[in-house]
Amino acid sequence: MPWSIDSDRPIYAQLIEQIELMICSGLYPPGSRLPSVRELAQEAAVNPNTMQRALAKLEEDGLLYTNRTSGRFVTEDVNVIKKVKNKLAEEHVREFLKKMTELGFTFDEILSLINAKKEEVKDE
Amino acid sequence: MSKIVECKNLCKSYGSKKVLDNINLDIPSGKIVGLLGPNGSGKTTFIKLLNGLLTPTSGKILIDNNTPGVETKKIVSYLPERNYLNDWMKVSDLIKFFKDFYDNFNADKAYDMLGKLGINPKDSLKTMSKGTKEKVQLIFVMSREAKLYLLDEPIGGVDPAARDYIIDTILRNYNEDATIIISTHLIADIEQILDEVIFLKEGQIVMAKSVDELREESGKSVDSLFREVFKC
Amino acid sequence: MLGKLIKYETKATARVFLPLYSVLLLFALINRIIDLFRTIPDSNKMSFGKILSGFILAVYIVLIIGTAIMTIVIMIQRFYKNLLGDEGYLMFTLPVETWKHIVSKLLIAILWIVLSILAALCSVIIISGISMSELMDDFVNIIEIIKGQIGTVGLYLAPFYIFVMTVLVIITIYAAIALGHLFPKHKLVTSFAMYAVIYFVNQLISVLYIMVFRNMFFKALFTPALISPHTVQIIISALIVLEALLAVGYFVLTNIILSKKLNLE
């Protein structure tokens, strides 16, 4: 999954979001080892110091931990990951509902739209 | 974190024309700094003062606590905005040259990077395209284990793929004991790798801040901010 | 570091000078060989042989003069291009003191001037077909005559004087180039103008200097037959000192300009 970095917002915040996403989606499963700061910075084409800040924050939040000799790892605590997943989901849902109500949909209309989509997706 | 560059009341004039006016600046090591400003703002003059190609008219400039001279030239690696390597020497001869004069030149690294580009060490620069020449010059500069890298317009005049290569090379060779100063007006392509930016206008520093701080405060990219600050 | 600069300076200049001198020597050699094959006796009439001889001689003279001019031109161009052109960005960011750059170029310039004279002499010897023994005899004779005029000490002073004079000529050219560099517009014209100025200044200083030794100099000028070798030696020594001082002066000037007033475009 390529990194999508926007120059309009602080990059450090975007890196945190993207790594959270990578962990939640399973790209970096629980307990897996992350590439070095340098490698990640190169991949994302960002400043290594900025990447370091992002990783440090994620460590603070408990999503990552550092083993002094073998590097950085995703936490094995699935609850922590679940919490983050839920937080992200909540943000997406809130955003979605806001947009839909702006368009003038009622809650019931939104629900039936979702159900209709659910059938489509099942057929794929 | 030590200071790799220290400027106090630095001024440079050519006759009556003042090109740099009272520059006060401290740059720590381990940073990638963008030196941004329109043409004629004094960027190149500032860089030449850092590498000893110009002497100040007044004020103080220190590189790693030394005034520019033989000792600072050992730890400063400079990429000028022109073809400064001679045309007729073979690449392998140039590597020997750099090895001879610079103790901290890493020939293996240079050969490695050249190899990845498919450049034959037996070729001379004469036979290469403009884009390839610029990449070669960058390789020589980044193969030095210097404390201060000065890159003057490293991505100007090359195609977007070459730009990616150059940015990648810069990141790849970054080390936390060194500082890289990139002078450019092509901000959008490079702002993601910067720690800090210095905006230079008519010889004066109008802004010197960390990049994320700037984005947070203004809600804009450095590129947009630049356009605002330097609107004609 | 100075040694390394000298090494690279030699490499860079050899690629131009060696072929140049080889051509000269080759031409002399070919000419000599052609000469050896000419067995037709010369008559007073205009024969093809005579015309060919004349032509070859003309070409040869052009080659020698050309070589001399080329040596000086290449030397100037080397200093200008390598230090004040785009390559200056490489040279002046090397961790090397500025004076070492000037000295390395100066030494190599002297080397090539000496070699060019040797090459010219060799070519003359080859073309003239003179034998080694004849040459040695002539040489010893000339040395004796010179010894008579200027004494044994003078004999040793003379090459030293020529050396110092060569250094002075080269460093004056470098100083003129450096002075021309101070003016961003019309650098070339200014350099030539500067050379003229320096030449004039040199003449002025020389005249003042000679006034100090005026008795000896006037005697030498007006009654050359009466001068003793001793006097000549003193005159030569005085001139060596003068030229050495001037050379040092111009070296310092060039060094100051290139280290403090450098302004590469």
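I looked up the bridge partner of Leu10(B) in β2(B) and found Ile23(B). The model is predicted; local features need pLDDT of at least 70, side-chain atom pairs count only at pLDDT 80 or more, and totals for chains, interfaces and linings use all residues. Residues are numbered from 1 along each chain as its sequence is written, with chains lettered from A and ligands numbered from 1 in the order in which they are written.

I then followed the pairing of strand β1 (residues 3-14) of chain B with β2(B), which is antiparallel over 8 bridges. Strands are DSSP runs of E with at least two residues, helices runs of H or I with at least four, numbered from the N terminus; two strands pair if DSSP finds at least two bridges between them.

I noted an open antiparallel sheet of 3 strands in chain B, ordered β2-β1-β4. Its edge strands, β2 (17-28) and β4 (58-63) of chain B, each pair on one side only.

I turned to chain C and recorded 8 helices and 0 strands. Its C-alpha atoms fill a box of roughly 70 × 50 × 35 Å along the principal axes.

Lastly, I examined where chain C touches chain B: 16 residues come from chain C and 18 residues from chain B. Residues are in contact if their C-beta atoms, placed from the backbone, lie within 7 Å. On the side of chain C, α1 (2-37) and α3 (88-91) are the elements that give two or more residues.

Terms used: Two residues are in contact if their C-beta atoms, placed from the backbone, lie within 7 Å.
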